[in-house]
Amino acid sequence: MTEKPLKVKTPIVLTIAGSDSGGGAGIAADLKTFAALGVHGTCAITSVTAQNTTGVLKTFDLTPETVASQIEAVCTDMEVRWAKSGMLASSEIVREVAKEVRKHELSLVLDPVIAAEAGGNLLRKEALSILAEELLPFCKVTTPNASEAGALTGMTVKTPEDAKVAARKIADLGVEAVIVTGGHLDATDLIYEADSETFTRVPGTFVKGGTHGTGCTYSAAVTAFLASGEDLEEAARKAKKFVEQAILRSRPAGRGVSPVNQLG
Ligand code: PLP
């Protein structure tokens with residue numbers, strides 16, 4: 001007897017991000033995360049980085065038109081509701097992405113990527129205010145780490161209390177929810193939801209292992225869980241666990257920081 005294919009729809013998600021030739025961060029991390037979490041991943045590449053475990057050596061930004069064409073190709077054919085953004089590189093790309101997000105009514109999880117942990121700028125200096133003013137107000141969620149939260153607010157974010165103040169300030173820019181990740185603080189992530197003005201803490205533990213690609217993996221996992229129907233708190237809890245496991249399963253690669261391992 002031949003089995004009828006199941007009619008359960010797999011969520012389709014989109015990552016708008018840079019590529020990492022070392023396979024650790026950016027779209028490589030995002031697509032591996034999507035695959036591991038059972039959603040279909042599509043991608044729009046913003047920039048090609050020549051990168052390995054020791055850092056970013058060169059970046060080659062694509063034109064805003066190239067980025068928009070990729071988003072158009074996906075969104076005019078496939079049913080995409082949830083998307084995430086990572087490395088956006090330039091003001092022009094940020095503006096183009098904002099246009100596409102509105103046009104296709106995408107629910108965007110914005111990872112405000114500014115620099116690689118091992119070194120290398122991933123967003124031009126002048127693009128940060130464009131990102132804050134012209135893209136963030138159209139996003140559902142943003143997932144800054146402590147230093148990104150600091151850059152977005154002009155504050156120094158060194159304690160969980162600083163994270164609270166920064167989260168509110170970032171929400172004032174118009175995004176619905178902010179998750180300040182705690183990897184550089186006390187391992188506790190802090191969710192702030194603007195409509196209810198509530199804070200929720202998501203505790204975690206510091207785990208040992210490679211951390212290259214952690215931020216990308218986290219925001220991709222939040223996106224995958226939201227696309228699968230979880231509420232924000234549950235998506236954040238599950239994403240945090242997923243990243244902790246990916247760090248624990250990392251294997252040595254190269255001379256620098258080993259990439260997290262999403263697939264086991
Ligand atoms: N490279 C690209 C293309 C990225 O998008 C990112 C993060 O978003 C990174 C590198 C940074 O990775 P990490 O700081 O985790 O090493």
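Reader: Which residue takes a positive phi in the hairpin of β8 and β9, and how many residues lie between the strands?

Author: The hairpin has 4 residues between its strands, and E197 takes a positive phi near 55° there. Please keep in mind that this is a predicted model, in which local features need pLDDT of at least 70 and side-chain atom pairs count only at pLDDT 80 or more, while totals for chains, interfaces and linings use all residues. Residues are numbered from 1 along each chain as its sequence is written.

Reader: How should I read a name such as β8, and where is E197 found?

Author: Helices (H or I, at least four residues) and strands (E, at least two) are DSSP runs, numbered from the N terminus. E197 is found in the loop between β8 and β9. Its positive phi occurs although E197 is not a glycine.

Reader: Is E197 buried or exposed?

Author: A residue is buried if 20 or more other C-beta atoms, placed from the backbone, lie within 10 Å of its own, exposed if 12 or fewer, and partly exposed in between. E197 has 9 other C-beta atoms within 10 Å, so it is exposed. A187 has its place in the loop between β7 and β8, and it is partly exposed because 16 other C-beta atoms lie within 10 Å.

Reader: How is strand β8 joined to β7 and β9?

Author: Two strands pair if DSSP finds at least two bridges between them. Strand β7 (residues 177–180) is joined to β8 by 4 bridges, and the two run antiparallel; V180 stands opposite L190. On to β9: 5 bridges join β8 to β9, also in the antiparallel sense, and here L190 stands opposite R201. Of the 5 residues of β8 (residues 189–193), 4 are buried, so this strand is largely enclosed by the rest of the structure.

Reader: What is the order of the strands in the sheet?

Author: The open sheet has 9 strands in the order β3-β2-β1-β4-β5-β6-β7-β8-β9, and its pairing is mixed. Its edge strands, each of which pairs on one side only, are β3 (55–61) and β9 (198–202). A parallel pair is formed by β5 (residues 107–110) and β6 (residues 141–142), over 2 bridges. In that pair, V109 has V141 as its bridge partner.

Reader: Which strands does helix α1 lie across, and at what angle does it run to β1?

Author: Axes are lines fitted to C-alpha atoms, for helices over the stretch in contact, and angles run from 0 to 180 degrees between N-to-C directions. Helix α1 (residues 26–36) lies across β1 (12–20), β2 (40–52) and β4 (80–85), at about 150° to β1. Helix α2 (residues 64–75) packs on the sheet as well, touching β1, β2 and β4, with a direction that makes about 155° with that of β2.

Reader: Why is α1 described as largely enclosed?

Author: The helix is largely enclosed by the rest of the structure because 8 of its 11 residues are buried. Among the buried residues are G26, I27 and F34. Two residues are in contact if their C-beta atoms, placed from the backbone, lie within 7 Å. The cover over the buried residues of α1 includes β1, β2, β4 and α7. After α1 comes G38, whose phi is positive, near 75°.

Reader: Which residues touch the most other members of the largest nonpolar core?

Author: A nonpolar core is a set of buried Ala, Val, Leu, Ile, Met, Phe, Trp, Tyr and Cys residues joined through C-beta atoms within 7 Å. The largest one holds 81 residues, of which V13, A221 and V222 touch the most other members. Helix α7 supplies the largest share of this core, 9 residues. Leaving aside residues up to four places away in sequence, A221 touches T33, L37, A239, F242 and V243.

Reader: Which residues come nearest to the ligand?

Author: A residue is near a molecule if its C-beta atom, placed from the backbone, lies within 6 Å of it. Of the 19 residues around the ligand, G18, A25, G26, M87 and E117 come nearest. The elements giving two or more residues to this shell are β1, β2 and α7 (214–227).

Reader: Is A166 buried or exposed?

Author: A166 counts as buried because it has 26 C-beta neighbours inside 10 Å. It lies in helix α6 (residues 160–171). Apart from residues up to four places away in sequence, A166 touches A149, G150, T153, M155, V157 and V180.
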